[in-house]
Amino acid sequence: MADLVGTCAICGTATATSRRRHARYCSNACRQRAYRQRVHEPVTALDSFIGRDAELARLARLTTRVLTLVGPAGVGKSRLVRELAKDATWVELDSAGDVARACAEALGEPAEPVLSTLVDALAARRTVLVLDNCEHVARECAALLEPLLLGCPGLTVIATSREPLRVPGEVLFAVQPLSITDAVELFTDRARANQVGLRLGDRNVIAALCDRLDRLPLAIELAARLVTVLPVQELLARLDDRLELLNRGNRTAAVRHQSLRAAIGWSYERLSADEQHVFRCISQGQGGFGLDVAVQACDLPSDRVLVLLSALVAKSLLTFTGAGRFEQLESVRLYGRERLAEQFAGDPPGVPAANLRAVRRGPAPAANH
């Protein structure tokens, strides 16, 4: 039978195929490379994906080579990308120390030198690369992506991070908490998965619960696990202790997604000492606040406080709402109060906002005798 001309699914090289057999790869090397890529592709989610139709539609319309989804802990950045880019090559950076090597392994290109090998492999291919959980290696991601994108015109990168990567051409998409309707649906779905036939009661109580949880998917899913031991109304009444309560994440999840405290703590531990100081001080407020209140709370010069507040906004621990106002999610604020209480163990946990000016960087130095 006459040979037909095909192309290798990996490198694009022409391959000779017969009518009875189609050769997808030009060589065993490309076949093995394809296998290694499949190993690193994201696993299809085992539970339902709820809401986010508007976000998916907006993301699908974007035309950019570097798209970074930013947002606070537990807002659902990774899950949204799994729905958006189901055929992408997935690079999990949660515990990665070498970003370039993690990308090379995911793409099936482990040879040295890593960067030039990646450029050579991707230069003639169209590839969507997802870099998941970039915040702790943002600088390394930026250093890799600029030469990689310049050398590989067919490469598109989608990143998830709690802060921007700050590379040329980057487009940021801020992932917001769920709408209240979707939040209630998510809680209901996950609660009934934990107890078949469960009657949840008043929908308004569920809505109030989800709203107190900042409509964050992670917090909602963790709360839904407690319906086997607490009625929804009682769970709502106990949300001041949510950091202690919400600690039963999926066993297969990363450690920082096992509890709400760990998820927020992952961000806090990556702040500078001054950023941590401001984060703790502003947590004693209620709702929104202005720069003047933050200056009083932190006992720092106004210009310095503004710089540090801007850093917290960039790292998804604070939101600028316009007209000079800042806001914190309630769960984030409770975490800040917890850390402040640890610093000043002798102080009551609910110091009035008017007394915040007394808060200092640390305990007073011991007197010399």
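The legends below accompany close-up views of a predicted model of a single chain.

**View 1. Overview of the chain in the predicted model.** The secondary structure of the chain comes to 16 helices and 10 strands. Of the 369 residues in the chain, 48% are buried. Among contacts between residues at least 6 apart in sequence, 67% join residues that lie at least 24 apart.

**View 2. The open sheet of 5 strands, in the order S4-S5-S6-S3-S7.** The pairing in this sheet is parallel, and the twist averages 20° from one strand to the next. Strand S4 (89-92) and strand S7 stand at the edges with a single partner strand each, so one side of each is left without a neighbour in the sheet. As background to this view and to the views of strand pairing that follow, the strands of a sheet pair through backbone hydrogen bonds, in either a parallel or an antiparallel sense.

**View 3. The pairing of strand S3 with strands S6 and S7.** Strand S3 runs parallel to strand S6 (residues 155-161), to which it is joined by 5 bridges, and within this pair Val 66 stands opposite Val 157 of S6. With strand S7 (residues 170-174), strand S3 likewise pairs in the parallel sense, over 5 bridges. On the S7 side, the bridge partner of Leu 67 is Val 171, while Thr 68 stands opposite Leu 172.

**View 4. Helix H4 (residues 99-107) and its two ends.** Helix H4 is mostly covered, with 7 of its 9 residues buried; these buried residues are Val 99, Ala 100, Ala 102, Cys 103, Ala 104, Ala 106 and Leu 107. At the start of the helix, a side-chain oxygen of Asp 98 reaches to within 3.2 Å of the backbone nitrogen of Ala 100. Just after the helix, Gly 108 takes a positive phi of about 75°.

**View 5. The packing of helix H4 against helix H6 (residues 138-151).** The two helices pack at an angle of about 60°, and their axes are 9 Å apart, which makes H4 oblique to H6. On the H4 side the contact is made by Val 99, Ala 100 and Cys 103, which meet Glu 140, Cys 141 and Leu 144 of H6. By class, this contact contains 5 nonpolar residues, no polar residues and 1 charged residue. The three contributors from H4, Val 99, Ala 100 and Cys 103, are among the buried residues of that helix.

**View 6. The packing of helix H7 (residues 180-194) against helix H8 (residues 203-212).** Helices H7 and H8 pack at an angle of about 105°, with 9 Å between their axes, and they are therefore roughly perpendicular to each other. In H7, the residues Ile 180, Thr 181, Ala 183, Val 184, Phe 187 and Thr 188 meet Arg 203, Ile 206, Ala 207, Leu 209, Cys 210 and Asp 211 of H8. The residues of this contact divide into 8 nonpolar, 2 polar and 2 charged.

**View 7. Ser 179 in the loop between strand S7 and helix H7.** Ser 179 counts as partly exposed, because its relative accessibility is 38%. The C-alpha atom of Ser 179 is separated by 10.0 Å from that of Asp 214, although the two residues are 35 residues apart along the chain.

**View 8. The open sheet of 3 strands, in the order S8-S10-S9.** The pairing in this sheet is antiparallel. Strand S8 (289-290) and strand S9 (319-322) stand at the edges, each with a single partner strand, so one side of each is left without a neighbour in the sheet. Strand S8 pairs with strand S10 (residues 325-327) in the antiparallel sense over 2 bridges, and Gly 290 stands opposite Arg 325 of S10.

Definitions and conventions. Residues are numbered from 1 along each chain as its sequence is written. This is a predicted model: local features need pLDDT of at least 70, side-chain atom pairs count only at pLDDT 80 or more; totals for chains, interfaces and linings use all residues. Side-chain values use heavy atoms; hydrogens and water are left out. Two strands pair if DSSP finds at least two bridges between them. Helices (H or I, at least four residues) and strands (E, at least two) are DSSP runs, numbered from the N terminus. Axes are lines fitted to C-alpha atoms, for helices over the stretch in contact, and angles run from 0 to 180 degrees between N-to-C directions. Angles under 35 degrees count as roughly parallel, over 145 as roughly antiparallel, 65 to 115 as roughly perpendicular and the rest as oblique. Contact means heavy atoms within 4.5 Å. Ala, Val, Leu, Ile, Met, Phe, Trp, Tyr, Cys and Pro count as nonpolar, Asp, Glu, Lys and Arg as charged, and the others, Gly among them, as polar. Buried means under 20% relative accessible area, exposed over 50%, partly exposed in between (1.4 Å probe, protein chains only). A polar contact is a pair of N or O atoms within 3.5 Å; within protein, one must be able to donate a hydrogen and the other to accept it, and residues adjacent in sequence count only if both atoms are side-chain atoms.
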